[in-house]
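Subject: Structure for your files

Dear colleague,

Here is the structure I said I would pass on. My notes on what was found in it follow below.

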Amino acid sequence: STADPQAESTAIARAVSELMPQLRQDLADIVAIPSVSAVDYPEETRPEILRAHDAIAEMFREVGVDVSVLELPNTAPVIVGGIPAPEGAPTVLLYGHYDVVPAGPDEEWESPPYELTERDGALFGRGSADTKSNIVAHVGALRVWNGKPPVGIKLVIEGQEEVGGGALLDHPAKDP
């Protein structure tokens, strides 16, 4: 951190601006994955859910997050991880989900549902706002800080939020 808050703010803004093309590509890449979830994580959903999971886990690994996988019964794998806090700094939770609801009929879309498309300054594509863009925002923030943010990070990115969260809601198990 620099002693001049204005200079630090300007440097962060410049770094974010420089990262935007890559962040947009990252978003396009994960929007292109039709990671449609279903209750109880049935076999037919797994290939695309796992593809999204793996791509997102790798993005977080690349920015310094110690990533692991939380496997729960009948639930898509949960990406968990963290970055230790600097001495005296708080820890923040970064949450998101990589699953989406079905796109519905193609004719109801103005552009292909799994292709990131810009219209009037807004980005469209299944999952682009809920919450694949949030995931990319988290990755972008960690890139700006070169994997060493001024706070600790705890990460939880699930794959079944759209159908209720599966066994994650009861994890860790509570004693009666």
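In helix α3 (128-144), the buried residues are Ser128, Thr131, Lys132, Ile135, Val136, His138, Val139, Gly140, Leu142, Arg143 and Val144. Buried here means under 20% relative accessible area, with exposed being over 50% and partly exposed in between (1.4 Å probe, protein chains only). Their cover includes α1 (5-31), α2, β2, β3, β5 (122-124) and β6, where contact means heavy atoms within 4.5 Å. Just after α3, Asn146 has a positive phi of about 50°.

This is a predicted model, in which local features need pLDDT of at least 70 and side-chain atom pairs count only at pLDDT 80 or more, while totals for chains, interfaces and linings use all residues. Residues are numbered from 1 along each chain as its sequence is written, and side-chain values use heavy atoms, with hydrogens and water left out.

The protein has three helices and six strands, arranged from the N terminus as α-α-β-β-β-β-β-α-β. Helices (H or I, at least four residues) and strands (E, at least two) are DSSP runs, numbered from the N terminus. The radius of gyration is 18 Å, close to the 16 Å that the globule rule gives for 176 residues, so the protein is as compact as a globular protein of that length. That radius is taken over C-alpha atoms, and the rule is 2.2 Å times the number of residues to the power 0.38. Buried residues make up 39% of the 176.

Four strands form an open sheet in the order β1-β2-β6-β3, with mixed pairing; two strands pair if DSSP finds at least two bridges between them. Its edge strands, each pairing on one side only, are β1 (66-70) and β3 (91-97). β1 pairs with β2 (78-83) in the antiparallel sense over five bridges, and Val67 stands opposite Gly81 in β2. Helix α2 (46-62) packs on the sheet, touching β1, β2 and β6 (152-158), and its direction makes about 155° with that of β1. Helix α3 also packs on the sheet, touching β2, β3 and β6, at about 145° to the direction of β3. For these angles, axes are lines fitted to C-alpha atoms, for helices over the stretch in contact, and values run from 0 to 180 degrees between N-to-C directions.

Two arginines lie over rings. Arg46 is over the face of Tyr41, 4.3 Å from the ring centre, and the charged end of Arg119 sits over the ring of Phe124, 3.9 Å from its centre. The criterion is NZ of Lys or CZ of Arg within 6 Å of the ring centre and within 35 degrees of the ring normal.

Regards
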